[in-house]
Amino acid sequence: MTLETAKNYLRIDSDLTEDDILVNSLIEASKKYIESTTGKQYDDSDQLLESLSLLLISHWYSNRNIANKAAVTDEYPHTITAILTTIKYNSNYDEVI
């Protein structure tokens, strides 16, 4: 996934660069999170994995302010947990080595 793809999903104008480091770190964190949670390898060409990654990035980016108590929850939105579960139990995805 590219920085441009993530910024477009987050609706951040391409000429705004102040959050580029943060967004790049969220991209990498989402890939590692998906692998560690599902036990499956992240594949940049898989649309479901990319969609899940974008959902995680958006969730983390939007809820990065710990002072916003309403944003702090114990669980991810259902869409994220449902896709994580689908990937975890789907034999079409390669196991993390």
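Biologist: What makes R64 count as lying over the face of Y61?

Modeller: In this predicted model, R64 is placed at 4.1 Å from the ring centre of Y61, and the rule asks for CZ of Arg within 6 Å of the centre and within 35 degrees of the ring normal; R64 therefore qualifies as a charge over a ring.

Biologist: How do you know that Y61 is buried or exposed?

Modeller: Y61 is listed among the buried residues of α3, together with L49, L52, S53, L54, L56, I57, H59 and W60, and buried means under 20% relative accessible area. These buried residues of α3 pack against α1 (3–10), α2 and α4.

Biologist: Why is S53 called buried?

Modeller: S53, which lies in helix α3, has a relative accessibility of 0%, and because the cut-off for buried is under 20%, S53 belongs in that class. Leaving aside residues up to four places away in sequence, S53 touches M1, I27, S30, I34 and Y42.

Biologist: What makes the span of α3 agree with that of a helix?

Modeller: At 1.5 Å a residue, the 16 residues of α3 should span 22 Å, and since the end C-alpha atoms are 22 Å apart, the two values agree.

Biologist: What makes Y33 and Y76 an edge-to-face pair?

Modeller: Y33 and Y76 stand 5.7 Å centre to centre with 75 degrees between the planes, and since the limits are within 6.5 Å for the centres and over 60 degrees for the planes, this pair is edge-to-face. Y76 is in the loop between α3 and α4 (78–88), whereas Y33 is in helix α2, so the pair ties together parts that are 43 residues apart in sequence. The structure holds 2 aromatic pairs, and ring pairs link Y33, W60 and Y76 into a cluster.

Biologist: Why are Y33 and Y76 called partly exposed?

Modeller: Y33 has a relative accessible area of 25% and Y76 one of 22%; because buried means under 20% and exposed means over 50%, the value for Y33 falls in between, and so does the value for Y76.

Biologist: How do you know which class E28 belongs to?

Modeller: E28, a residue of helix α2, has a relative accessible area of 42%, and because exposed would require over 50% and buried under 20%, E28 is partly exposed. Between E28 and D15 there are 22 Å in space, C-alpha to C-alpha, and 13 residues in sequence.

Biologist: How do you know whether the radius of gyration agrees or disagrees with that of a compact globule?

Modeller: For 97 residues a compact globule would have a radius of gyration near 13 Å, and because the protein has 14 Å, the value agrees. The C-alpha atoms fill a box of roughly 40 × 30 × 20 Å along the principal axes, and buried residues make up 31% of the 97 residues.

Methods. Residues are numbered from 1 along each chain as its sequence is written. This is a predicted model: local features need pLDDT of at least 70, side-chain atom pairs count only at pLDDT 80 or more; totals for chains, interfaces and linings use all residues. Side-chain values use heavy atoms; hydrogens and water are left out. Rings of Phe, Tyr and Trp (its six-membered ring) pair if their centres lie within 6.5 Å; planes under 30 degrees apart count as stacked, over 60 as edge-to-face and the rest as tilted. Buried means under 20% relative accessible area, exposed over 50%, partly exposed in between (1.4 Å probe, protein chains only). Helices (H or I, at least four residues) and strands (E, at least two) are DSSP runs, numbered from the N terminus. Contact means heavy atoms within 4.5 Å. The radius of gyration is taken over C-alpha atoms; the globule rule is 2.2 Å times the number of residues to the power 0.38. The expected span of a helix is 1.5 Å times one less than its number of residues.
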